[in-house]
Amino acid sequence: MTSALRAAAESTTSLTLAGAVGAAVISLLIAIGTQVALSVRESNSRRYQRRRAALTDAQDAALALRGRVSDYGAISRARAGQPSPGLEQAERRYTDARALLEVTLSRVDDPAVTAAAQRWRSAAEVSFISSAEVTAAQEQQQWQDLNAAIGSALRSKDGVSAKPTRK
């Protein structure tokens, strides 16, 4: 009878030990799964913040370029192409603003926003500087399209616009 009691006690101890090991394994798996989920969430959050910063930087750079190209165009038309210190300064500010937009667009991870910015920049340069016919309304429409694309990307859950902008 003692051997039967001893066998039963050993069996109970083995079951308890097996249960404890099983619980430890499950706890470890849950901890690993939780850590992986947190890591993925942090990575997604960092990516979103990086995309958001690039979008707002591009929007700010486009706004600065809009002012600079307008100033340069006005001075250029008023001076009828004659060189002047004011024209040279305006041209330098314009080319600097254009370069800044190009640099910020290189950080934008949204082809629709980049394409809208390039379409707007081309229309603005023609509208404000050239004598070619791009009306103020066309430039304004391209400007609105650019801001709509950026706004769509900023409002999205992943920082990329949901739909392409019109061409």
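Predicted model: local features only at pLDDT ≥ 70, side-chain atom pairs only at ≥ 80, totals over all residues.

Colleague: OK. How many aromatic pairs are there in the whole structure?

Modeller: Two. Rings of Phe, Tyr and Trp (its six-membered ring) pair if their centres lie within 6.5 Å; planes under 30 degrees apart are stacked, over 60 edge-to-face, and the rest tilted. Y72 and Y94 make a stacked pair, 5.3 Å centre to centre with 5° between the planes. Y72 sits in helix 1 and Y94 in helix 2, so this pair ties together parts 22 residues apart in sequence.

Colleague: And are Y72 and Y94 buried or exposed?

Modeller: Buried, both of them. The other pair is W120 with W143, which is tilted: 5.0 Å centre to centre, 55° between the planes. W120 belongs to helix 3 and W143 to helix 4, so that pair links parts 23 residues apart in sequence.

Colleague: Changing topic: how many helices and strands does the protein have?

Modeller: Four helices and zero strands, giving the pattern α-α-α-α along the sequence. These are DSSP runs numbered from the N terminus: helices are H or I with at least four residues, strands E with at least two.

Colleague: What about the largest nonpolar core? Which residues touch the most other members?

Modeller: That core has 27 residues, and L55, L101, V108, V113, W120 and L146 touch the most other members. A nonpolar core is a set of buried Ala, Val, Leu, Ile, Met, Phe, Trp, Tyr and Cys residues joined through side-chain atoms within 4.5 Å. Helix 1 (2-79), helix 2 (85-106), helix 3 (111-128) and helix 4 (136-155) each supply at least two of its residues. The largest share, eight residues, comes from helix 1.

Colleague: Which residues is L55 in contact with, leaving aside neighbours within four places in sequence?

Modeller: V108, V113, I150, A153, L154 and G159; contact means heavy atoms within 4.5 Å.

Colleague: Last one: what percentage of the residues in the protein is buried?

Modeller: Buried residues make up 31% of the 167.

Methods:
Residues numbered from 1 in each chain as written. Heavy atoms only, no water. Buried < 20%, exposed > 50% of the residue type's maximum accessible area, 1.4 Å probe, protein only.
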